[in-house]
Amino acid sequence: MLLERLGKELLYFDGGMGTLLQSRGLKPGELPEVWNLEHTEEIIDIHRQYFEAGSDIVLSNTFGANAIKFHDSEYQLKDIVTAGIQNVKKAAKAGVHDGREVYTALDVGPTGKLLKPMGDLAFEDAYEAFKETMIYGEEAGADLIHIETMSDSYEVKAAVLAAKENTSLPVFVTMIFDEKGKLLTGGDVPAVVAMLEGLRVDALGINCGMGPEQMMPILEDILKYCSIPIIVKPNAGLPKQRDGEVYYDVEPEQFSGYMKKIVEMGAHVIGGCCGTTPAHIKAMIDHTRGMDVVPVTKKDITMVSSYGHAVILGGKPMIIGERINPTGKKKFKQALKDHDMDYILKEGITQQDKGAHILDVNVGLPDIDEPAMMKEVITELQSVTSLPLQIDTVDITAMEAAMRIYNGKPMVNSVNGKQENMDAVFPLIKRYGGVVIGLTIDEEGIPKTADGRVRVAGKIIEEAKKYGIDKKDIVIDVLAMTISSEPEGAKVTLEALKKVRETYGVCTVLGVSNISFGLPYRPAVNSNFYTMAMQNGLSAGIINPSSEDMMRSYYSFCALMNYDKNCEDYIRVYGNQKAGAPVTAAKTELTLKEAIEKGLKEEAHHATGKLLKEQAPLDIINAHLIPALDSVGKGFEKGTVFLPQLLMSADAAKIAFAVIKDVLAQEGGEVQAKNKVILATVKGDIHDIGKNIVKVLLENYSFDVIDLGKDVPPEVIVETAVEQDIRLVGLSALMTTTVVSMEETIKLLREKKPECKVMVGGAVLNQDYADMIGADFYGKDAMQSVYYAQRVFEEA
């Protein structure tokens with residue numbers, strides 16, 4: 001059995017498929033998956049060579065076989081997938097001569113679309129597209145599912161759920177990281193590891209995008225956090241050109257040397273991606289056969305994550321912002337009833353700005369549809385903040401709805417020691433992943449003593465084991481009881497905190513402000529209790545980050561306990577604060593620049609209207625709009641702003657610009673004519689994620705974008721450029737097999753419209769490759785494309 005071998009012995013994948021198909025005559029724009037039916041013998045022969053080279057696992061030629069790509073195809077998706085699996089099976093019979101056990105993997109790549117709210121593909125639609133492929137693959141006889149070359153954590157979650165919920169097959173996942181260790185949509189290694197382990201995949205790792213040497217730092221990062229077997233599948237270096245032919249610059253012997261080091265570092269399953277051939281795989285296997293793998297080690301790290309980054313509990317105390325909760329908050333209740341999403345988002349952003357690490361989300365009111373509202377608030381919050389969220393509800397339907405669409409590994413509040421409640425909550429944690437808060441209450445109520453609460457904590461931890469939920473994914477809340485009615489309440493809570501940490505080694509959480517209900521001047525009690533709780537082992541306090549008393553306690557505690565290196569945070573916050581001086585109250589109204597930077601559309605609309613009463617429309621564009629977009633763009637380049645925030649900021653800017661445009665029209669003026677840019681994903685490629693991101697940004701920098709879509713023939717691009725007198729064309733490609741179409745388009749543009757500049761981008765490209773195919777500019781990210789466009793038209 002594959003799972004019995006996984007992690008205990010070194011297993012080998014195959015290598016690249018696209019480059020080999022090109023060498024056998026795959027035409028630009030031709031769908032590789034169609035060869036499963038039209039050129040069956042060629043596909044079987046490639047698979048056979050990998051089996052003969054020593055591969056244990058060979059991928060079916062189904063990377064792009066999904067319901068979205070083959071929706072209007074003359075071939076049925078089921079026939080494509082079935083043939084893909086059968087071709088590997090036939091190749092195994094012909095290519096395995098030593099009697100070893102080998103496996104057929106259903107290869108599943110990305111849909112090529114960006115999921116909502118960033119793009120136009122709904123999460124459940126992506127799920128359905130993957131589901132269809134997964135079912136056909138298992139029916140055809142696949143031994144495992146390998147989801148690969150994923151650059152979006154949300155899309156990979158849809159794919160993993162489709163595999164886990166509709167098949168009984170093992171699931172492997174590899175992502176494509178850049179040299180900074182980031183996904184296209186911003187996720188870092190710990191965030192990805194946290195989410196995928198939470199979804200209970202069987203192995204995870206990295207493929208494509210870079211050569212073996214460049215992957216080693218990413219592997220080091222994965223090894224720090226990962227508790228399951230690790231996969232590494234590099235490209236054969238970088239694509240280059242020699243005598244008119246494309247080749248990759250890492251030869252088989254050199255590749256095998258790097259892969260030996262990768263095994264020594266801790267990889268358990270190795271193979272190759274773009275540019276690797278049977279010769280690369282044979283050399284790799286010859287060089288590493290017989291090596292012992294580094295044992296898989298369990299990492300006792302309690303991590304929650306968003307799409308952007310992970311938050312680790314257990315060291316420096318973390319802050320969970322409590323303000324997105326209607327309890328005792330009249331304005332928030334009204335915002336929920338009025339569906340005032342901007343008010344809710346502003347609460348989240350304010351808490352982020354004030355220092356929260358996680359945001360609690362509770363939208364429970366008797367007269368609203370809580371599951372629907374919870375889903376919407378979670379989705380919208382993840383568009384404007386990269387902080388992990390805590391799903392806070394007693395409604396199991398709302399809990400599941402939120403966990404399913406959450407992009408990352410959430411905190412879940414909560415489960416308790418009542419058997420009925422554990423029976424309802426733990427299956428959701430097992431299915432979707434999450435760090436669940438365990439409340440020390442059971443059928444007998446809340447124990448009066450610390451030992452009683454420790455007992456309930458143990459009961460929760462033991463019950464979780466039955467579902468395969470490790471105690472690192474349980475955070476215990478020993479409950480803070482108000483001292484106005486429970487005089488010993490604080491002492492019992494503090495004792496229980498300490499005992500739970502000592503007895504079980506788990507992290508802890510408290511709703512700190514509960515301690516002071518019914519008392520005057522509650523901040524004084526809350527802040528002192530907060531310090532005492534942290535001293536007794538509190539991992540995360542659910543507090544109001546806008547409370548100066550609470551934050552003063554927090555920053556002082558972190559400085560005193562050396563969690564704050566060189567007291568940097570304390571000095572940053574209080575460096576200009578004079579003793580005895582009152583703390584300045586936070587302003588409630590945002591400027592236009594702030595509204596755009598934070599992606600708040602209603603605030604941007606309101607702020608623009610106010611400015612128009614005082615300033616000229618074009619002055620607002622130059623003094624507020626453009627600087628805001630520049631600030632967000634620079635943050636994106638530095639990695640402090642993530643893709644969803646970038647796109648939400650662009651939307652807010654679009655709304656502000658529309659308000660200005662309306663005023664100009666009424667005054668008889670107009671905005672300066674826009675410069676035109678063509679964007680297209682080249683022939684044969686249906687992946688338009690990168691193109692769509694560039695489009696949004698260009699439009700918000702006042703460019704007129706002519707979007708020709710995806711799978712666009714060179715002739716259409718060139719004809720449009722000539723007819724519209726275009727100065728700049730942007731071309732995108734994700735797959736190695738379609739870069740040829742990009743080169744053809746550039747050659748035709750040079751012939752028909754030589755003065756037109758061409759910028760290119762995509763996961764398979766780099767500066768050398770861009771130079772090789774004759775492009776004027778290679779954009780590593782969307783903002784670079786915007787800056788280049790500005791230069792082109794300034795020079796013109």
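I checked the length of helix α18 (residues 489-504) first: at 1.5 Å a residue its 16 residues should span 22 Å, and the end C-alpha atoms are 22 Å apart, which agrees. The expected span is 1.5 Å times one less than the number of residues. Helices here are DSSP runs of H or I, at least four residues, and strands are runs of E, at least two, numbered from the N terminus.

The model is predicted: local features need pLDDT of at least 70, side-chain atom pairs count only at pLDDT 80 or more, and totals for chains, interfaces and linings use all residues. Residue numbers start from 1 along each chain as its sequence is written, and side-chain values use heavy atoms, without hydrogens and water.

I looked up burial in α18 next. Buried residues (under 20% relative accessible area, 1.4 Å probe, protein chains only) include Gly 489, Val 492, Leu 497 and Val 500. Their cover includes α17 (450-465), β18 (474-477), β19 (507-511) and α19 (522-535). After α18 comes Gly 505, with a positive phi near 70 degrees.

Then I turned to α12 (residues 330-338) and α13 (residues 341-354). They pack at about 135 degrees, axes 8 Å apart. Axes are lines fitted to C-alpha atoms over the stretch in contact, and angles run from 0 to 180 degrees between N-to-C directions. That makes α12 oblique to α13; angles under 35 degrees count as roughly parallel, over 145 as roughly antiparallel, 65 to 115 as roughly perpendicular, the rest as oblique. In contact (heavy atoms within 4.5 Å) are Lys 331, Phe 332, Ala 335 and Leu 336 of α12 with Tyr 343, Ile 344 and Glu 347 of α13.

Key. Buried means under 20% relative accessible area, exposed over 50%, partly exposed in between (1.4 Å probe, protein chains only).
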